[in-house]
Number of protein chains: 2
Amino acid sequence: MKFSPKVQGLIEAFKCLPGVGAKSAQRMAFHLLERNRAGADALSEALSVAMRDVGHCRQCRNFTEADVCDICLSEKRKQSGLICVVESPADVIAIEQTGEFQGRYFVLMGHLSPIDGIGPGDLGLDVLETTLQQDNVSELILATNPTVEGEATAHYIASLAKDFNVSVSRIAHGVPVGGELEYVDGNTLSHALSGRKNY
Amino acid sequence: MKFSPKVQGLIEAFKCLPGVGAKSAQRMAFHLLERNRAGADALSEALSVAMRDVGHCRQCRNFTEADVCDICLSEKRKQSGLICVVESPADVIAIEQTGEFQGRYFVLMGHLSPIDGIGPGDLGLDVLETTLQQDNVSELILATNPTVEGEATAHYIASLAKDFNVSVSRIAHGVPVGGELEYVDGNTLSHALSGRKNY
Ligand SMILES: [Zn+2]
Ligand SMILES: [Zn+2]
């Protein structure tokens with residue numbers, strides 16, 4: 001015996017969400033049916049609208065419902081000559097929130113992962129090459145994650161950028177500000193040591 | 001700076017789900033936009049269909065898109081004279097899966113909780129009273145959860161049932177079958193001791 005077909009259908013549909021198994025899917029379905037039907041209708045509508053209208057910015061690949069996103073449209077940002085390469089749209093938000101960066105972005109939407117069949121084409125690196133070729137880019141800042149895949153991706157893009165007249169940098173890795181040495185993992189600590197600067 | 005309006009709208013909409021905060025909502029939105037648009041469309045449709053069509057069974061209050069659910073429609077189950085009172089639709093599934101129970105259910109859709117303003121009316125106990133009055137019910141099995149609220153709810157329903165010619169029982173609590181004493185919490189263990197039976 002199962003739930004009635006439309007309840008069961010809703011539970012099944014929730015399993016498309018990352019990290020949502022049978023139990024969570026059931027909890028979500030019951031919660032909405034019992035306590036928040038308005039929220040459920042809003043979610044249904046937001047999903048349908050986003051899937052229909054949201055695509056990738058033609059220049060930076062970030063999610064946007066426009067052809068070119070607001071950041072790429074900014075003449076001031078373009079004139080900075082800076083492009084920061086990140087793995088995900090969330091990284092763009094994180095960097096924007098520092099208020100320190102006034103350039104443009106290039107969002108890979110992932111990282112190189114041969115085991116998952118994700119190659120340079122899947123990360124839109126041809127688009128990045130075109131930008132390096134056509135625009136007056138002075139510096140490419142590689143801000144991929146400090147993971148094995150992120151480092152490999154940074155390395156690949158750095159070698160790709162050699163063909164263009166652009167300086168390439170990598171964001172600094174080390175002990176987080178406010179962090180205590182004692183609680184920092186060994187890998188980060190060795191990065192912090194080898195990357196030391198004169199005081 | 002935020003994401004584009006329709007991406008931001010999707011992230012906000014996901015926060016209506018239980019246990020989903022800003023970070024998870026973002027992860028869900030990105031996952032669907034990037035990797036599973038078909039799943040997102042299916043979820044949108046399932047939500048809309050379920051919210052439109054799924055209501056409560058007029059007799060047992062379980063979720064169903066029919067007026068009266070399949071279990072309540074069964075003449076054989078009605079003739080058993082048994083009604084098992086549970087807190088949630090998931091409890092019905094759990095009991096059905098044992099294959100041991102051939103009666104009907106009454107689903108409270110919660111438990112008495114004065115602090116949350118949930119009283120007897122919110123649990124549909126007037127509907128249960130009508131059933132006890134009209135149908136030939138021989139035994140009411142209280143299978144609410146062994147929590148403070150579940151026990152209070154069971155107690156309330158037991159006293160309410162006194163007005164009708166029906167015997168009332170409570171499911172047994174104790175050490176789970178296959179469980180090891182060592183790992184059973186003290187409260188369960190004292191239940192198991194006080195509820196001991198002759199061997
Ligand atoms: Zn853009
Ligand atoms: Zn029913």
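Is B:Glu151 buried, exposed or partly exposed? This report on a predicted model begins with that residue and then turns to the zinc sites and the contact between the chains.

B:Glu151 has a relative accessible area of 29%. Buried means under 20% and exposed means over 50%, with partly exposed in between; B:Glu151 is therefore partly exposed. The residue belongs to helix H8 of chain B, which covers residues 148-161.

Leaving aside residues up to four places away in sequence, B:Glu151 touches B:Asn145, B:Pro146, B:Arg170, B:His173 and B:His191.

## The zinc site of chain A

The zinc ion (ligand 1) is held by the SG atoms of A:Cys57, A:Cys60, A:Cys69 and A:Cys72, at 2.3 Å. The angles among these 4 donor atoms run from 107 to 117 degrees, and the site is tetrahedral. Along the sequence, the donor residues follow the spacing C-x2-C-x8-C-x2-C. Among these cysteines, A:Cys60 and A:Cys69 are both buried.

An unreviewed UniProt entry annotates residues 57-72 of chain A as "zinc finger region: C4-type". In the model, this stretch of chain A is 19% helix and 12% strand. The C-alpha atoms at the ends of the stretch lie 8 Å apart.

## The zinc site of chain B

In chain B, the zinc ion (ligand 2) has four protein donors: the SG atoms of B:Cys57, B:Cys60, B:Cys69 and B:Cys72, which lie 2.3 Å from the ion. With angles of 106 to 118 degrees among the 4 donor atoms, the site of ligand 2 is tetrahedral. The donor residues of ligand 2 are spaced C-x2-C-x8-C-x2-C in sequence. Both B:Cys57 and B:Cys60 are buried.

## The contact between chain A and chain B

How many residues does the contact take from chain A and from chain B? Chain A contributes 52 residues and chain B contributes 51 residues.

The size of an interface is often expressed as the accessible area lost when the parts come together. Between chain A and chain B, the buried area is about 4700 Å². Carbon and sulfur atoms give 72% of this area.

The interface also holds 2 salt bridges. A salt bridge joins A:Lys6 to B:Asp53, and the closest N and O atoms of this pair are 2.6 Å apart.

Technical notes
Residues numbered from 1 in each chain as written. Chains lettered and ligands numbered in written order. Predicted model: local features only at pLDDT ≥ 70, side-chain atom pairs only at ≥ 80, totals over all residues. Heavy atoms only, no water. Donors = N, O, S within 2.8 Å, 3.2 Å for Na, K, Ca; no water. Tetrahedral: all angles 85-135°; square planar, octahedral: opposite > 155°, others 65-115°. Buried < 20%, exposed > 50% of the residue type's maximum accessible area, 1.4 Å probe, protein only. UniProt positions renumbered as here; feature names shortened; annotations may be inferred. Helix = DSSP H or I, 4+ residues; strand = E, 2+ residues; numbered from the N terminus. Contact = heavy atoms within 4.5 Å. Buried area = accessible area lost by both parts, 1.4 Å probe. Salt bridge = Lys/Arg side-chain N within 4 Å of Asp/Glu carboxyl O.
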